[in-house]
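Please open the structure in your viewer and keep the selection panel at hand. The tour below moves from one selection to the next and says what is to be found at each stop.

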Amino acid sequence: MNINRENTHIIPIGFEYHAPESLDKAVELLHKLSEETKILAGGTDLIPQMKQRKTEPRNIVNIKKIPELSCIKETREGIKIGALTKLRAVELSSLIRERSPVLSEAAGRIGSVQIRNLGTIGGNICNASPSADMATALMALDAMVHVYRRDGARTCTVAEFFQGASEIDLQRDELLTGFTVPFPPEGAGSAFEKVGWTTFDIATVNVAAVVTLKGGKIDHCSIALGACSPAPVKVVLAEDVLKGKEPTAEVLEEAVEFIAACVEPRERWRRAPPEYRRRSSQALAMDAISRAVEQARGST
Ligand SMILES: Cc1cc2nc3c(=O)[nH]c(=O)nc-3n(C[C@H](O)[C@H](O)[C@H](O)COP(=O)(O)OP(=O)(O)OC[C@H]3O[C@@H](n4cnc5c(N)ncnc54)[C@H](O)[C@@H]3O)c2cc1C
């Protein structure tokens, strides 16, 4: 039989539906249920994947009734963002816009308003896509990921959480509860750049940069690159070139040479050939770093 996997409105499989009302009930369920279980947040990734039979879970655990998973609040360590927080809320939050604007900027570049009103920051990361826009911005901000399971909680960096092609550091009985985004250093400038097939589309390349200056030289620098290798990455070699130097055009050129070296697209990626990603990652990184430097100059 010829199955329409692209454009169907039908979810062709049967599943058990669960909607726990507390975190403890949710992880208890995840512990009890079989491997074929999927967590449902906004559903903007999961539901199309189920319609296309890319995943066929026997159990769905909807986490939308767990109130503590939706929050944006200031803590001593930085901004705490619950996993279930809508992308639109991240985009519009005055706290995030003021203290970590690159995160709002990246959220505002995801899909359409409709997608951002449904999609969550946790779902964006747990979908394990190399082009997840939130991942690149969170990585540049050195954000921490919080994970919860029946026997306790653990924390790791976003960079550690992404382990490889479609692979994240999350066991089947674990739930991502949220993030802590440390405040960037005083006077930091930041920028997010992205190119896709259309403005509403997922990234063909995305870059986030956070920079501070001291005495006209780059003091702190953090650059992350997405959609160019099996998982988003921090471009440490480019950061090392920039640190301690005046951000002249030559220094920036030298740094973005290392961006292209991080471009290792998978064979089957069809959105753009490797050479396009190499060149556009350099151009976008140049724009992001330059814009971050200008912002940092403006605040010193
Ligand atoms: C038209 C369209 C345009 C899009 N454009 C973009 C774009 O420009 N940029 C971009 O980055 N993405 C884009 N996306 C992808 C998607 O919208 C985002 O990744 C969104 O953030 C996913 O969040 P969600 O809450 O809908 O996740 P869901 O679909 O509910 O879940 C996604 C995955 O994460 C798992 N999961 C969700 N929450 C948790 C949790 N708390 N703990 C553990 N596992 C969890 C689910 O089991 C599932 O495997 C687009 C999608 C569509 C349909």
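**Domains and ligand shell**

Begin by colouring the chain by domain: it is divided into domain 1 (16-61), domain 2 (69-181) and domain 3 (203-299), with bounds that come from an automatic or database domain assignment. This is a predicted model, in which local features need pLDDT of at least 70 and side-chain atom pairs count only at pLDDT 80 or more, while totals for chains, interfaces and linings use all residues. Residues are numbered from 1 along each chain as its sequence is written.

The ligand is surrounded by 30 residues, and the closest are Gly 42, Gly 119, Gly 123, Asn 124 and Cys 126. Because domain 1 and domain 2 both give residues to this shell, the ligand lies between them.

Now colour the shell by element, where helices (H or I, at least four residues) and strands (E, at least two) are DSSP runs numbered from the N terminus. At least two shell residues each are supplied by β2 (37-40), α2 (46-51), α6 (113-118), α7 (121-126) and β10 (175-181), and the largest share, four residues, comes from α7. By residue class, the shell divides into 17 nonpolar, 10 polar and three charged, with Ala, Val, Leu, Ile, Met, Phe, Trp, Tyr, Cys and Pro counted as nonpolar, Asp, Glu, Lys and Arg as charged, and the others, Gly among them, as polar.

**The four-stranded sheet**

Then select the open sheet, whose four strands run in the order β11-β12-β13-β14 with antiparallel pairing; two strands pair if DSSP finds at least two bridges between them. Its edge strands are β11 (189-196) and β14 (233-234), each pairing on one side only.

Zoom in on β11, which forms a hairpin with β12, with six residues between them. These two strands pair in the antiparallel sense over eight bridges, and Ala 191 stands opposite Ala 209 in β12. Six of the eight residues of β11 are buried (20 or more other C-beta atoms within 10 Å of their own, all placed from the backbone), so β11 is largely enclosed by the rest of the structure.

Finally, move to β13 (residues 217-226), which pairs with β14 in the antiparallel sense over two bridges; the bridge partner of Ala 224 is Lys 234 in β14.

How values were computed:
Near = placed C-beta within 6 Å. Buried ≥ 20, exposed ≤ 12 C-beta atoms within 10 Å, placed from the backbone.
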